[in-house]
Amino acid sequence: MKPKKNPNAEIGRNSSLYFMLGLTSVLLVTWQSLEVKVYEKETSASEIVQVMDELKEDVPITEMMRTTPPPPPPSAPDVIEIVEDVEEVEETVIESTESSQDTYIEDAIVKVDDVDVEEVEEEIVVPFAVIEYVPVFPGCEIYQTQEERKECFNEKVQEHIKQNFNYPPAALDMHITGRVYVQFVIDSQGRVSGIEKRGPDRLLEDEAARIISSLPKVKPGQQRGKAVSVKYSIPINFIMKQ
């Protein structure tokens with residue numbers, strides 16, 4: 001049986017030969033392009049100088065200001081008159097007030113018998129927690145022990161704050177709240193003095209100071225059988241209830 005295809009008409013019969021010829025030609029062209037030498041051309045630069053016409057500048061004409069010379073100084077008088085002194089001036093003699101070594105100073109005797117010397121006693125301030133005999137608030141005399149009188153004093157101060165408490169209207173309008181720490185001294189006469197306050201606003205501090213300053217007079221505290229000043233501190237809360 002004869003094949004249907006003609007062997008002379010096969011397309012891929014000489015493909016390898018064509019590939020080799022193409023590859024050889026490409027390599028040849030590449031090698032020639034690498035061997036070509038290129039030289040830079042010399043460039044010529046030309047300088048252009050532009051010449052301008054001569055510059056003519058107009059010089060302004062100025063005028064000389066002629067000022068008049070100053071007048072000559074006045075000439076001295078020909079005759080100088082000499083005036084004699086009419087009044088005689090008396091010289092004032094200033095005597096020195098400094099004492100010399102020859103001046104005798106009499107001894108002065110100062111009597112000290114008539115001078116009264118007063119002893120100034122330093123005021124002692126004792127904290128409330130360590131005082132030997134606490135101040136007695138009116139109504140706390142019925143208690144005998146110091147612990148009971150301390151507790152009674154604290155209760156009486158708190159009752160006084162509640163009864164005299166008045167929220168500042170300006171602080172209410174601005175919704176100012178907080179705690180004010182108040183510290184004061186009950187002096188040796190039983191009166192309140194030296195109020196110190198610290199709080200969130202001046203309005204609350206002033207109200208706390210007003211309440212404490214209205215405390216009644218109490219029996220002063222004692223230390224070693226002597227009336228002394230006692231320092232006391234208490235916080236006051238300003239709270240708005242809704």
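Phe153 counts as buried, because its relative accessibility is 1%, where buried means under 20% relative accessible area, exposed means over 50%, and partly exposed covers what falls in between (1.4 Å probe, protein chains only). This is a predicted model, in which local features need pLDDT of at least 70 and side-chain atom pairs count only at pLDDT 80 or more, while totals for chains, interfaces and linings use all residues. Residues are numbered from 1 along each chain as its sequence is written, and side-chain values use heavy atoms, with hydrogens and water left out.

**Overall make-up and confidence**

- The protein chain has four helices and six strands, taken as DSSP runs (H or I of at least four residues for helices, E of at least two for strands) and numbered from the N terminus.
- Read from the N terminus on, the elements follow the order α-β-α-α-β-β-α-β-β-β.
- Of the 242 residues in the protein chain, 18% are buried.
- Among contacts (heavy atoms within 4.5 Å) with a separation of 6 or more, 68% are accounted for by residues 24 or more positions apart.
- The mean pLDDT, which is the predictor's confidence in each residue on a scale from 0 to 100, is 75 for the protein chain, and 61% of its residues reach 70 or more.
- Where pLDDT is low, the predicted coordinates should not be read in detail.

**The sheet and the helices on it**

- Four strands form an open sheet in the order 1-6-2-3, with mixed pairing; two strands pair if DSSP finds at least two bridges between them.
- Strand 1 and strand 3 (192–198) stand at the edges with a single partner strand each, so one side of each is left without a neighbour in the sheet.
- From one strand to the next the twist averages 30°, with axes taken as lines fitted to C-alpha atoms (for helices over the stretch in contact) and angles running from 0 to 180 degrees between N-to-C directions.
- Strand 2 (residues 178–186) and strand 3 run antiparallel and are joined by five bridges; Gln183 has Glu196 in strand 3 as its bridge partner, and Val182 has Lys197 in strand 3.
- The hairpin of strand 2 and strand 3 has five residues between the strands, and in this hairpin Gly190 takes a positive phi near 90°.
- Helix 2 packs on the sheet, where helix 2 touches strand 2 and strand 6 (229–238), and its direction makes about 45° with that of strand 6.
- Helix 4 (residues 202–213) also packs on the sheet, touching strand 2, strand 3 and strand 6, with its direction at about 155° to that of strand 3.

- Eight aromatic pairs are found in a search of the whole structure, where rings of Phe, Tyr and Trp (its six-membered ring) pair if their centres lie within 6.5 Å, and planes under 30 degrees apart count as stacked, over 60 as edge-to-face and the rest as tilted.
- Phe184 and Tyr232 form a tilted pair, 5.5 Å centre to centre and with 50° between the planes; Phe184 lies in strand 2 and Tyr232 in strand 6, so the pair ties together parts that are 48 residues apart in sequence.
- Phe184 and Tyr232 are both buried.
- Ring pairs link Phe128, Phe137, Phe153, Phe184 and Tyr232 into a cluster.
- Phe153 lies in helix 2 and, not counting residues up to four places away in sequence, touches Phe128, Pro135, Phe137, Cys140, Ile186 and Tyr232.
- Phe153 and Phe137 are 16 residues apart in sequence, with their C-alpha atoms 5.6 Å apart in space.

**The disulfide**

- Cys140 and Cys152 form a disulfide (a pair of cysteine sulfur atoms within 2.5 Å), with their sulfur atoms 1.9 Å apart; the count by this rule is one disulfide.
- The link of Cys140 and Cys152 is left-handed, with -80° about the S-S bond.
- This pair links distant parts of the chain, 12 residues apart: Cys140 is in the loop between strand 1 (125–127) and helix 2 (146–164), whereas Cys152 is in helix 2.
- Cys140 counts as buried because its relative accessibility is 1%, and Cys152 counts as buried because its relative accessibility is 7%.
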